[in-house]
Amino acid sequence: MTLLFVIWLLQDFAQLLLMGICIVPDVFLLTALFMALLPGVSGERQTGLVWAAFAGGLLWDLRWTNVPGLSAAIGGGVIGLACFLWYKTPAQGRTAGTFTAFAALTHLLYSVIHFFFWTMPSGPAVRQLAVQQLMAVPVIAAFSWLFWKVSSGNG
C-alpha cells in the first residue's frame, strides 16, 4: 500500500505541474488495477486494493473537488467491477492483451464518469478528456508490458 500512496503523491504532483494544460492520466487507479489483477492475488488482497482505490479517490476528492466521496466511489467501484469481470473470464483468457483491454476500459469508464459529474460538457472539456485518454496510452502500455513480464514468468 506504500507504493500506492507514493504513486498517488506523484500523480498529485504531476497534476499540479500540468494544471490548466491537461488532466493527468489516473496512474494511481491503473496501479491498483495492475496489483489487483496479477496472477495469484488473493481475494482478500483484491478487497484491500478496492478499499485502497476508494481511499485514494477520497483523498483526490478532498484535494481537488471539495466534494468527498464521488471519486472514491467511482474508483472503488471500477476496480471492484474489473476484479469481478477478470475472474469471470476463463483462466486461459487472462492474458496481457485482456489485461490491456481491462486497463483501457477501466480508465475510460472512470474518466467518462468523472467528466459527466465534474465538467460542464463543452468543446474544451471534451478535448481535455481526449488528451487525458491519449496520455494514458503509454501508461497502459507500460502496465501491460509489466503484466506480460510477471504473468509469463519473464520478470
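Student: Which residues of helix 5 are buried?

Tutor: In this predicted model, the buried residues of helix 5 are Ala-96, Thr-98, Phe-99, Phe-102, Ala-103, Thr-106, His-107, Tyr-110, Ser-111, His-114 and Phe-115. Helix 2, helix 4 and helix 6 are among the elements that cover them.

Student: What does helix 2 bring to its contact with helix 5?

Tutor: Helix 2 brings Leu-29, Leu-30, Leu-33, Phe-34 and Leu-37. On the side of helix 5, the partners are Phe-99, Phe-102, Ala-103, Thr-106, His-107 and Tyr-110. Sorted by class, this contact holds 9 nonpolar and 2 polar residues, with no charged ones. The two axes come within 10 Å and cross at roughly 145°, and the crossing is right-handed.

Student: Why is Gln-133 called buried?

Tutor: Gln-133 has a relative accessible area of 17%. The cut-off for buried is under 20%, so Gln-133 qualifies as buried. This residue lies in helix 6. Beyond its neighbours within four places in sequence, Gln-133 is in contact with His-107, Leu-108 and Ser-111.

Student: Why does Gly-93 get another label, and which one is it?

Tutor: Gly-93 has a relative accessible area of 24%. Buried requires under 20% and exposed requires over 50%, so Gly-93 falls in between and is called partly exposed. Gly-93 sits in the loop between helix 4 and helix 5. From Gly-93 to Phe-117 there are 24 residues in sequence and 34 Å in space, C-alpha to C-alpha.

Student: What makes helix 2 and helix 6 parallel or antiparallel?

Tutor: Their axes cross at roughly 20° and come within 11 Å. Angles under 35 degrees count as roughly parallel, and helix 2 and helix 6 are therefore roughly parallel to each other. The crossing is right-handed. Val-27, Leu-30, Thr-31, Phe-34 and Leu-37 of helix 2 meet Val-139, Ile-140, Phe-143, Leu-146 and Phe-147 of helix 6. By class, these are 9 nonpolar residues and 1 polar residue, with no charged residues.

Student: How do you know how helix 1 and helix 3 are oriented?

Tutor: The axes of helix 1 and helix 3 cross at roughly 30° and come within 11 Å. The limit for roughly parallel is again under 35 degrees, so helix 1 and helix 3 are roughly parallel to each other. Helix 1 passes helix 3 in a right-handed crossing. From helix 1, the contact uses Leu-4, Phe-5, Trp-8, Gln-11, Asp-12, Gln-15 and Leu-16. From helix 3, it uses Leu-49, Ala-52, Gly-56, Leu-59, Trp-60, Arg-63 and Trp-64. This contact divides into 9 nonpolar, 3 polar and 2 charged residues.

Conventions:
Residues are numbered from 1 along each chain as its sequence is written. This is a predicted model: local features need pLDDT of at least 70, side-chain atom pairs count only at pLDDT 80 or more; totals for chains, interfaces and linings use all residues. Side-chain values use heavy atoms; hydrogens and water are left out. Axes are lines fitted to C-alpha atoms, for helices over the stretch in contact, and angles run from 0 to 180 degrees between N-to-C directions. Helices (H or I, at least four residues) and strands (E, at least two) are DSSP runs, numbered from the N terminus. Angles under 35 degrees count as roughly parallel, over 145 as roughly antiparallel, 65 to 115 as roughly perpendicular and the rest as oblique. A crossing is left-handed if the near helix is turned anticlockwise from the far one by less than a right angle, and right-handed if clockwise. Contact means heavy atoms within 4.5 Å. Ala, Val, Leu, Ile, Met, Phe, Trp, Tyr, Cys and Pro count as nonpolar, Asp, Glu, Lys and Arg as charged, and the others, Gly among them, as polar. Buried means under 20% relative accessible area, exposed over 50%, partly exposed in between (1.4 Å probe, protein chains only).
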